[in-house]
Amino acid sequence: MIQTVLNTIPTPSFEYALLSPILVMFLAACLGVLVEAFLPNEKRRFAHLIIVFTAILFAFFAVVLQSGPNGRALVANGTVALDGPGWILQGTILLVAALSALLFAESKIDPLGDAFAARASTLPGGEEEKIATKLGWAQTEIWPLFSFAISGMLLFVTANDLLVLFVALEVMSLPLYLLAGLARRRRLLSQEAALKYFILGALASAILLFGSALTYAYTGSLEFGQISNGISSANNSPGLLTAAIALVAVGMLFKVGAVPFHQWVPDVYTGSPTPVTSFMAGAVKVAAFGGLLRVFYVAFGALVWDWRPLIWVVAGLTMVVGSVIALAQSDFKRMLAYSSVSNGGFILVGFSATSRPAIAAVLIYLIAYAFATVGAFALLTLIREQAGESSTLIRWKGLGKKSPVVAGLMSLFMLSFAGIPLTSGFTAKFGVFTAAISGGATALVLVGVIASAIAAVFYIRVIILMFFSEPIPEGPFVVVPSIFTTIAITASAVVTIILGLFPQVVIDLISSASVFLR
Amino acid sequence: MIAAVIALPALSAAVLLSFGNRTNKFGPWLAIFASTGSFLIGLWHFLQMVARPAEERPALTTVYEWLSVPAAGFKINFALQLDQLSISFVLLITFVGTLIHIYSLGYMSHDENPRRFFAYLNLFVAAMLLLVLADNYLLLYVGWEGVGLASYLLIGFWQHKPTAAVAAKKAFVANRVGDFGLSLAIMTMFIVFGSVSFSDVNSGIVGAPAWVSLTLGLLLLLAACGKSAQFPLQSWLLDAMEGPTPVSALIHAATMVTAGVYLIVRSASIFNASEIAQTAVVITGAISLLMGAIIGAAKDDIKKSLAGSTMSQIGYMVLAAGLGPIGYVFAILHLITHGFFKAVMFLGAGSVMHATNDNVDMRRYGGLPKVMFFTTITFFIGYLAIIGVPPFAGFYSKDHIIEAALSHSWWAGAAVLFGAGLTAFYMTRMMMMTFVSKSRWHEDVHPHESPLSMILPMIVLSVGAATMGILLTRNHVFEHWLEPITGFVEPEPPLPIQTITTITLSVVAIGVLIGIWQNIKIAKVAPVKVSFVVKAARKDLYGDVLNETLLMRPGQGLTKSLNIFDNAVVDGSVNGLGLFVSGISARLRRSETGYVRSYAMSIVLGTALLVIALLMVRI
């Protein structure tokens with residue numbers, strides 16, 4: 001009996017070389033756990049750094065070397081699709097993650113150590129916390145968690161099967177819930193954020209899983225290509241499928257932080273340690289949109305006429321609500337959180353066009369946004385007061401006089417967010433808007449332009465505060481970071497400028513690769 | 001490869017500006033090296049171009065594609081066009097530019113921050129080269145704004161002087177008016193032709209309706225007036241003399257101010273298509289050349305007098321450019337010779353100022369030849385060139401313009417002839433006041449010859465001022481050189497050429513004689529009882545008043561009424577909208593309760609809405 005059942009299950013084919021980026025990151029995570037178990041306290045940090053950076057480097061080269069036309073295939077029994085967009089997304093995630101890793105590793109900025117709590121288990125503000133901090137303990141578990149999250153993302157953007165997608169989502173999300181709660185400063189806020197993120201994330205995962213189940217019920221398959229075939233050939237009641245699409249959409253839109261599923265974003269971004277926030281706003285955003293693209297373009301592509309109007313509404317709402325609420329923010333981190341929401345709306349505008357240029361436009365937007373946002377958060381870690389980072393905007397008055405370099409770079413990222421020409425933000429917005437116009441969504445683009453005009457107000461306000469106001473007495477001071485953060489900021493700035501000055505090179509490269517395998 | 005011409009000074013400027021004081025030691029040398037390198041590369045390209053037959057000389061280099069949207073037919077390239085016209089400019093800019101870099105080494109040696117000065121000079125050279133090498137109007141506009149910025153920075157280089165700061169601002173604002181014309185012209189081109197490249201505009205203008213060429217012509221003329229200090233946008237140039245003298249020589253005499261002439265000649269096809277626009281150009285040139293000469297004749301400040309002269313000489317070029325194919329070549333010819341002789345005169349003025357504790361009042365000069373031998377000689381060569389004494393450069397270029405103007409109309413001819421007389425007069429006056437007359441120095445002034453780094457560029461430039469005319473006009477070499485680009489038609493003046501030359505030289509001689517006769521005795525203080533012409537000329541012929549009435553007052557009036565409109569209607573609605581948006585913002589912010597239960601509620605409700613909406617779409 002069992003033997004007959006087993007015979008019906010095909011032996012999985014497993015392409016180790018093509019899957020190596022995912023596997024290497026996973027291996028690094030497991031190694032990290034072993035390091036925690038067997039190495040003495042003081043040697044762990046160094047070992048983790050070596051393992052994580054080697055793994056990222058190896059994974060990135062594996063992506064670059066295999067992403068040519070020969071490396072495009074459905075692997076692992078068709079559950080993972082390594083195609084042009086998949087490789088590009090993996091490469092982007094690895095690069096952005098590398099920059100975040102540099103911020104994770106920074107320990108020169110805060111006199112107390114890195115950005116993470118000395119012992120997560122101690123009571124915030126309690127005696128034990130002080131002792132742990134004094135002893136210089138460090139919560140080095142962040143590193144395996146970080147590696148797990150990356151391997152989950154790499155799988156998430158290439159998953160070609162709803163179940164694999166779900167597993168990948170959990171692998172990438174669970175470490176994030178933990179990381180969010182590990183801030184060294186303002187620990188209560190951080191722990192609250194972690195809990196909120198976990199509860200809401202679990203709810204969204206459940207909804208996604210429910211949608212997957214309904215999809216299976218309707219089409220009899222979980223693999224994207226077969227779902228697509230099932231949709232075109234089935235003649236069951238479409239109500240089931242409609243509900244399925246809506247539920248899967250909610251699961252994914254939660255992750256990208258689209259309105260009305262966005263409310264966790266500001267709380268979690270503000271509460272998390274800033275390196276983690278940069279990781280979430282950069283790499284996680286890329287991963288979430290990558291997954292969304294593949295599910296809706298490949299699996300539900302046949303029903304584009306049904307779900308597109310919905311995406312239009314969500315995109316419009318996300319842009320407007322994100323930009324409008326950001327106006328009222330007085331905290332820089334919170335402002336960037338809403339900016340992340342509204343940028344998600346702009347990406348959805350491009351996403352709604354469902355054409356080949358649209359894929360390229362979304363990918364370029366993701367790259368532009370991810371690097372700029374990592375850069376902005378990295379700069380934030382340098383602007384400090386006695387109690388930690390100084391994120392109250394009004395206190396930044398006259399920062400340009402104290403530190404023209406930091407303020408100038410911050411202005412660069414703000415200008416890029418605002419979509420000013422010669423920065424990456426312009427290239428990105430230009431791309432998604434043109435894609436949407438040729439997709440017939442002129443009205444939505446109009447909303448987008450208005451929203452970006454509103455958004456420009458709060459981005460430019462930061463520049464005005466820094467350069468055109470008199471410094472306040474006892475304002476924040478700017479710390480000189482170690483090489484880690486310096487590299488992260490420089491790389492972000494270089495990408496932001498290059499994508500603004502020579503966009504065509506990147507556009508050509510990405511356009512040539514923006515076809516999904518099915 | 002040609003991109004390196006621009007890249008060298010641009011990189012040098014970037015290094016000097018971004019690394020700041022760390023580059024103080026080698027900064028000036030790096031700048032000179034960049035400029036020289038640029039010149040050598042330009043020269044290499046020139047020699048290669050000469051070796052090719054005429055029809056193969058122009059070359060287009062696409063450095064990179066900036067942005068292209070094939071679906072919308074929208075494409076902007078960073079492309080450089082190297083042809084006979086642009087290489088002429090490249091050589092002029094880099095050659096004179098390099099000499100002036102070297103001169104500045106001596107001139108700015110006492111300044112506290114020469115590095116910044118050299119960085120700006122490099123920036124200027126790069127922007128100017130971009131301007132003349134661009135293959136489309138948009139890229140030209142980038143260079144156009146770039147030189148405007150460099151000019152602003154350099155006029156205001158001594159920003160601690162309020163006059164310099166104000167002059168810089170004035171130049172910038174006056175240029176804005178012209179830039180406005182250029183940007184409108186570019187937009188019009190894009191709407192009508194769907195492209196802004198020179199080749200597309202040139203081919204598109206042929207079949208275009210008459211209003212297109214007229215509109216474009218007038219808008220481009222406005223742009224040229226701003227940049228080239230032509231009537232009615234001339235007043236900034238006189239104030240621009242607040243900048244260091246090498247700047248006046250390079251930017252406000254030899255190169256940048258001639259950009260307007262370049263623009264008109266480059267847009268020849270547009271002007272050829274509209275006779276009205278051409279006539280407007282000729283009239284503008286004629287008015288400017290007379291106004292400039294009159295202002296130059298009344299000023300006691302040597303630099304301002306030279307500035308008036310620059311305006312006047314550019315008036316000649318603009319007038320020639322307005323004559324159409326009979327004039328384009330001579331406009332550029334005069335531009336090049338002027339670049340040499342005006343630069344040498346400015347540098348001479350700078351040398352004199354250097355020797356007299358930065359005094360600019362000619363009434364306190366005199367008696368300088370015995371202490372400043374080289375300055376006097378080189379200045380004198382410049383003088384002979386500008387008034388048009390054969391065989392010096394100005395004679396050839398100006399004579400040709402006079403012939404072309406006479407074959408256009410009697411009034412244009414009369415204007416240029418009268419202008420030639422005025423030029424001879426005010427230049428003789430300057431010569432008399434500065435050098436020939438007895439010394440009237442301030443007590444503590446002890447003039448001395450300038451250092452070698454200053455003398456050398458003046459000598460080189462004066463050789464050019466003496467010989468450039470013969471070199472370029474022998475066997476009509478320059479006409480043949482530019483003809484494939486600008487077109488050329490032999491002018492047919494109503495009088496024989498010998499007669500015209502004789503008349504011109506006689507007019508010049510009269511001007512010189514009056515100049516000598518009037519300035520045999522020079523008062524140390526400017527006389528108060530003077531004719532109304534002199535009074536007007538001392539006030540820049542009321543250029544500021546004109547600007548104020550034409551632009552500033554209506555502008556202020558417009559601003560005031562707009563302000564009222566703005567406060568009542570726009571602000572009302574914007575503030576209303578702003579209040580509305582921030583009201584919404586505050587309200588929406590309240591939805592951010594911080595309670596995870598209400599977030600979860602919103603997710604569930606959103607999900608329900610999404611499902612219902614999707615079902616509705618399906619039905």
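**View 1. Residues of helix H17(B) meet residues of helix H18(B) in this predicted model.** From H17(B) come Lys398(B), Ile401(B), Ile402(B), Ala405(B), Leu406(B) and His408(B). Their partners in H18(B) are Ala412(B), Gly413(B), Val416(B), Leu417(B) and Ala420(B). Sort the contact by class: eight residues are nonpolar, two are polar and one is charged.

**View 2. The axes of H17(B) and H18(B) cross at roughly 150°.** H17 spans residues 393-408 of chain B, and H18 spans residues 410-436 of chain B. Their axes come within 7 Å. An angle over 145 degrees counts as roughly antiparallel. The crossing angle therefore makes H17(B) roughly antiparallel to H18(B).

**View 3. Chain B is assigned domain 1 and domain 2.** Domain 1 is written in two pieces, 291-302 and 329-538. Domain 2 covers 548-618. The C-alpha centres of these domains of chain B lie 63 Å apart.

**View 4. Chain A is in contact with chain B.** On one side are 37 residues of chain A; on the other are 31 residues of chain B. Several helices of chain A give two or more residues to the side that touches chain B. They are H8 (187-219), H10 (238-256), H11 (264-271), H13 (304-327), H18 (424-438) and H21 (503-511).

**View 5. H10(A) gives the largest share of the side of chain A that touches chain B.** Its share is 10 residues.

Methods
Residues are numbered from 1 along each chain as its sequence is written. Chains are lettered from A and ligands numbered from 1 in the order in which they are written. This is a predicted model: local features need pLDDT of at least 70, side-chain atom pairs count only at pLDDT 80 or more; totals for chains, interfaces and linings use all residues. Axes are lines fitted to C-alpha atoms, for helices over the stretch in contact, and angles run from 0 to 180 degrees between N-to-C directions. Helices (H or I, at least four residues) and strands (E, at least two) are DSSP runs, numbered from the N terminus. Angles under 35 degrees count as roughly parallel, over 145 as roughly antiparallel, 65 to 115 as roughly perpendicular and the rest as oblique. Two residues are in contact if their C-beta atoms, placed from the backbone, lie within 7 Å. Ala, Val, Leu, Ile, Met, Phe, Trp, Tyr, Cys and Pro count as nonpolar, Asp, Glu, Lys and Arg as charged, and the others, Gly among them, as polar. Domain bounds come from an automatic or database domain assignment.
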